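Please read them with the structure in view.

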Amino acid sequence: MKDNSNTTHDAEDDPRNKDIKIYINGEIVPRNEARVSVYDSGFMLGDGMWEGMRLYNCKWAFFDEHMDRLFDSCKAVSIDIGMDRAGILDALTRTAAANDMTHDVHCRLMITRGVKVKPFQHPALSQSGPTIVIIMEHSKPATHLQAKGISLATVPQVRGLPMSQDAKYNSHSKLNCIIACLQAEQAGADEALMLDPHGFVNTTNACNFFIVRKGEVWTSTGDYCMNGVTRQKVIDLCRANNIPVYEKNYSLVDTYGASEAFLTGTFGAQTPVSQIDGKKIGDHDGMGPVTARIRELYKELVERNTQG
Ligand SMILES: Cc1ncc(COP(=O)(O)O)c(C=O)c1O
């Protein structure tokens, strides 16, 4: 990685994260003792699903929306989680308590098809039930990104059609996105701007992507990108607050000429984009006014969602 690169998952350094405890199938163990089998389908094949969530005031923001996506995608690939939403909430609550975590926490909840009896692809070889892992970290997104913004490069790797590997799977295997990220890095940018199979602007390798043109907020149709919880919240907030918002096809010409661009994701909420393919976006430094307004509306929404 180049020395001065940013990622959308940059967090303020927190030394407490060296000593976190991790949940593995009901056990909560110190970080350096947390292990899964080399026969695990997640390790061997990327055969699993995950969710990234944030904890504020002892409440998981938009828990139901994250569970909707997790349960839908596990059902689609026949992974039996072996517990319901209440069971997952209980596991999260136990892990947070073991870590004494209540606020400004990010978790990665991972469900794989589980340990296989032989090192081959067939899903029937996973015979002992899923592997469930929860990693929680103290996490505040790095503030320098809000001031500076992130740089993107358009890359050859696309997010494909739903009948190859649907972009809506939050799968353990992120190779498609990792290839895109490597291509962006090699082009000197922080992260990748990915097109859809028709060449329209689609998403980044780790977040959803929006532009602002003449006060209107545009994002892709949603057909070829992650059905991001934050993406949907931003669209809903725009609609509720009379900010014109469109899910539509648009190209790089529209994108380079945008007055603002920003990314959305649970980790960083809204992150401004400063340049794309070496072209500066807008004529402001840091975050543009529409992005700033949406970020404020989103912050208030998270506060309401995680009250009491
Ligand atoms: C490829 C990709 N796009 C977008 C997102 C953002 O989704 P969310 O807003 O639900 O965190 C994620 C997060 O997992 C992702 O992996």
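1. Strand 5 (105–112) and strand 6 (residues 131–138) run antiparallel to one another and are joined over 8 bridges. Strands are DSSP runs of E with at least two residues, helices are runs of H or I with at least four residues, and both are numbered from the N terminus. Two strands count as paired if DSSP finds at least two bridges between them. Cys-107 has Met-136 of strand 6 as its bridge partner.

2. This is a predicted model, in which local features need pLDDT of at least 70 and side-chain atom pairs count only at pLDDT 80 or more, while totals for chains, interfaces and linings use all residues. Residue numbers start from 1 along each chain as its sequence is written.

3. The protein chain is divided into domain 1 (19–138) and domain 2 (144–305), with bounds from an automatic or database domain assignment. Their C-alpha centres lie 26 Å apart. In domain 1, 20 residues are in contact with 12 residues of domain 2, a contact being two C-beta atoms, placed from the backbone, within 7 Å. Strand 3 (48–56), helix 2 (63–76) and strand 5 each supply at least two residues of the side of domain 1 that touches domain 2. Strand 3 gives the most, with 8 residues.

4. Overall, the protein chain has 8 helices and 15 strands. Its C-alpha trace spans about 55 × 45 × 40 Å along the principal axes. Of the 308 residues, 40% count as buried, meaning that 20 or more other C-beta atoms, placed from the backbone, lie within 10 Å of the residue's own. Among contacts with a separation of 6 or more, 72% join residues 24 or more positions apart.

Note on methods: Buried ≥ 20, exposed ≤ 12 C-beta atoms within 10 Å, placed from the backbone.
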